[in-house]
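Here is a friendly note to read with the model open beside you. Please take the points one at a time and find each residue as it comes up.

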Amino acid sequence: MPTSPDAVVKFVPSIAAVDAAQWDACANPDPSAFNPFVSHAFLKALEDSNAVGRASGWIPRHLILEDETGAIAAAAPAYVKSHSQGEYVFDHGWAEAYEQAGGHYYPKLQIAVPFTPVPGPRLLVKPGPRANADEQLLATAAIELARQGGLSSVHLTFLSAETAERLRALGFLTRTGQQFHWQNRDYTSFDDFLVSLASRKRKAIRKERQTAVAPGIEIEHITGSDITNAHWDAMFDFYMDTGNRKWGRPYLNRASFSELGRTMPESCLLVLAKRDGRYIAGALNLIGGDCLYGRYWGATEQHPALHFEICYYQAIDFAISRKLARVEAGAQGEHKLARGYLPVETYSAHWLSDPGLHRAVERFLKRERALITQYSADLTDLGPYRKDEA
């Protein structure tokens, strides 16, 4: 693996082999911008529950950069993969084309948070004068690991635009995607947020919220040690219902939820809907330093507008009460636009070992990027906000 005069990069087959405090010092040096998904606890919960591992096709090969004292100066959550499931940056077409041309796209190296389309740091580097050099060394190590291991490519998904741009110098291609996020403009209440919307949109949201709870439905917010096994049982049932209907194979198992509740309870928020004393729907969110991240939703009873209430409006309510800067409500979904969530660009970086595949993907990404940029601009113009608020 690559080295510098005073640093060396290693890879480890389990996050449990990495000191949690040292990992987190790289992943989340600023508590006010805490991202729970790159924390040691979250990644370990996925491994300890066997949601991540050889059976799922996400084989951990985490990159660790040690300085001259042996302390961790940088790290990256990395996985050798034999498929493209659970990534949300879709390269199935690249794989199919390469296979048809006689190449082998799998295995590949994925630097990502498994099953989690949430933007955040991927090359986790301690702040300081060596930060940029350490980031470059880590990325170079990923390429070298791919070359030595016969891997076709390296993919960093949902990273920052700045990091993606810096990786271009190492031969990475940048891909642009799109999500919908809600921005807190120092609102003091949900009604204060509604005032910023056009009158017709404001009335529509009020009507949706009334419709959602009309059948005697009560909404609960449960966090921290108040979350019991019974709550997790209910949430897992909701998750499985959605997964079986939409995905075919849910990525997490029941133990994954328990591990999250055990190791990072203060980061978990359950929004649950109850009718006649029984939970009928719910959403799991994770609380960051400046953001609420919506993750999973499900229901055992279907009621009009309940999905919007639990996943979007209750998230806004919570973010306002906690003075969080934004809500990120997951991948895709133009239906979020009318509910105050505006399009934002997301970024990924891709290194492809085959020059021919590199050139073909580069041409595709150039066309795709132009389409997404124009589409985002068009959607923003159609947003629900008053023109003087946009």
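Are F190 and F193 buried or exposed? F190 is buried, and F193 is buried too; here buried means under 20% relative accessible area, exposed over 50%, and partly exposed in between, with a 1.4 Å probe and protein chains only.

1. **What you are looking at.** This is a predicted model, in which local features need pLDDT of at least 70 and side-chain atom pairs count only at pLDDT 80 or more, while totals for chains, interfaces and linings use all residues. Residues are numbered from 1 along each chain as its sequence is written, and side-chain values use heavy atoms, with hydrogens and water left out.

2. **The overall build.** The protein has eleven helices and 16 strands; these are DSSP runs numbered from the N terminus, with helices being H or I of at least four residues and strands being E of at least two. The radius of gyration is 21 Å, close to the 21 Å that the globule rule gives for 390 residues, so the protein is as compact as a globular protein of that length. That radius is taken over C-alpha atoms, and the globule rule is 2.2 Å times the number of residues to the power 0.38. Along its principal axes, the C-alpha trace spans about 65 × 45 × 45 Å.

3. Of the 390 residues in the protein, 55% are buried. The accessible surface comes to about 16,800 Å², and 52% of it belongs to carbon and sulfur atoms; areas come from the Shrake-Rupley method with a 1.4 Å probe, and for residues only the protein chains shown count as cover. Among contacts between residues at least 6 apart in sequence, 75% join residues at least 24 apart, where contact means heavy atoms within 4.5 Å.

4. **Aromatic pairs.** A pair of aromatic rings is described by the distance of the centres and the angle of the planes. The structure holds 21 aromatic pairs. Rings of Phe, Tyr and Trp (its six-membered ring) pair if their centres lie within 6.5 Å; planes under 30 degrees apart count as stacked, over 60 as edge-to-face and the rest as tilted. W58 and Y79 form an edge-to-face pair, with 5.4 Å from centre to centre and 75° between the planes. W58 lies in strand β3 (residues 58-60) and Y79 in strand β6 (residues 78-81), so this pair ties together parts that are 21 residues apart in sequence. W58 counts as buried at 1% relative accessibility, and Y79 counts as buried at 1% as well.

5. **Back to the opening pair.** F190 and F193 are also edge-to-face, at 5.3 Å centre to centre with 80° between the planes. Both lie in helix α6 (residues 190-195), three residues apart, so about one helical turn separates them. Ring pairs link W182, Y187, F190, F193, Y313 and Y385 into a cluster. Two arginines sit over rings of that group: R209 lies over the face of F190, 4.2 Å from the ring centre, and R185 lies over the face of Y385, 4.3 Å from the ring centre. A charge sits over a ring if NZ of Lys or CZ of Arg is within 6 Å of the ring centre and within 35 degrees of the ring normal.

6. **An arginine in a strand.** R175 lies in strand β10 (residues 173-183) and is buried, with a relative accessible area of 9%. The R175 side chain reaches the backbone oxygen of F90 at 2.7 Å. Leaving aside neighbours within four places in sequence, the residues in contact with R175 include V89, F90, D91, W94 and E368. T176 is also in strand β10 and counts as buried at 6% relative accessibility.

7. **Backbone details to check.** Most residues other than glycine have a negative phi, and most peptide bonds are trans. A cis peptide bond joins Y106 and P107, with omega about 5°; P107 is in the loop between α3 (92-100) and β7 (108-111). F115 has a positive phi, near 60°, and counts as buried at 3% relative accessibility. D186 has a positive phi near 60° too, but D186 is exposed, with a relative accessible area of 72%.

Key: Polar contact = N/O pair within 3.5 Å; in protein donor to acceptor, adjacent residues only side chain to side chain.
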